[in-house]
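Here are my notes on this one, as promised. Have the model open while you read, and tell me if anything looks off.

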Amino acid sequence: METKRFYLSEKDKKIAGVCGGIAEYFNIDSLLVRVAFLLFLFTFGGGLIAYIVLWLLAPKKSAIV
């Protein structure tokens with residue numbers, strides 16, 4: 001059984017592929033993830049920090065496979 005892993009998306013990306021990767025991992029629409037990041041950005045201010053951290057730490061799928 002293959003374990004599920006989070007990767008930056010290469011086919012559904014606007015900036016770095018973080019939101020697309022999260023959407024692929026949870027099998028949801030990437031627009032929902034992008035809206036959630038915007039809500040966190042404007043309400044708590046942590047959306048940008050979380051995005052940058054995920055961008056720096058998440059591997060690209062092509063680099064792993």
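Which residues in H2 meet which residues in H3? That's the question I started with, and point 1 takes it up. Bear in mind throughout that this is a predicted model.

1. **H2 against H3.** From H2, the residues involved are Phe37, Phe40 and Leu41. Their partners in H3 are Gly47, Leu48, Ala50, Tyr51 and Leu54.

2. H2 spans residues 30–43 and H3 spans residues 47–57. Their axes come within 7 Å and cross at roughly 130 degrees, which makes H2 oblique to H3. The cut-off for roughly antiparallel is over 145 degrees, so the oblique label applies.

3. **H1 against H3.** Here the axes are 10 Å apart and the packing angle is about 80 degrees. That angle makes H1 roughly perpendicular to H3. H1 brings Val18, Cys19 and Ile22 to the contact, while H3 supplies Tyr51, Leu54 and Trp55. By class there are six nonpolar residues, no polar and no charged ones.

4. **What H1 buries.** H1 covers residues 18–26, and its buried residues are Val18, Cys19, Gly20, Gly21, Ile22 and Ala23. The cover over these buried residues includes H2 and H3.

5. **Arg34.** Arg34 sits in helix H2, and its side chain makes polar contacts with two others: the side chain of Asp12 at 3.5 Å and the side chain of Ser30 at 2.7 Å. If you leave aside neighbours within four places in sequence, Arg34 is in contact with Asp12, Lys13, Lys14, Cys19 and Gly20. Of these, Cys19 and Gly20 are among the buried residues of H1.

6. **Asn27.** Directly after H1 comes Asn27, in the loop between H1 and H2. Is Asn27 buried or exposed? Its relative accessible area is 71%, so Asn27 counts as exposed, the cut-off being over 50%.

Methods:
Residues numbered from 1 in each chain as written. Predicted model: local features only at pLDDT ≥ 70, side-chain atom pairs only at ≥ 80, totals over all residues. Heavy atoms only, no water. Axes fitted to C-alpha atoms, helices over the stretch in contact; angles between N-to-C directions. Helix = DSSP H or I, 4+ residues; strand = E, 2+ residues; numbered from the N terminus. Parallel < 35°, antiparallel > 145°, perpendicular 65-115°, else oblique. Contact = heavy atoms within 4.5 Å. Buried < 20%, exposed > 50% of the residue type's maximum accessible area, 1.4 Å probe, protein only. Polar contact = N/O pair within 3.5 Å; in protein donor to acceptor, adjacent residues only side chain to side chain. Nonpolar A, V, L, I, M, F, W, Y, C, P; charged D, E, K, R; others polar.
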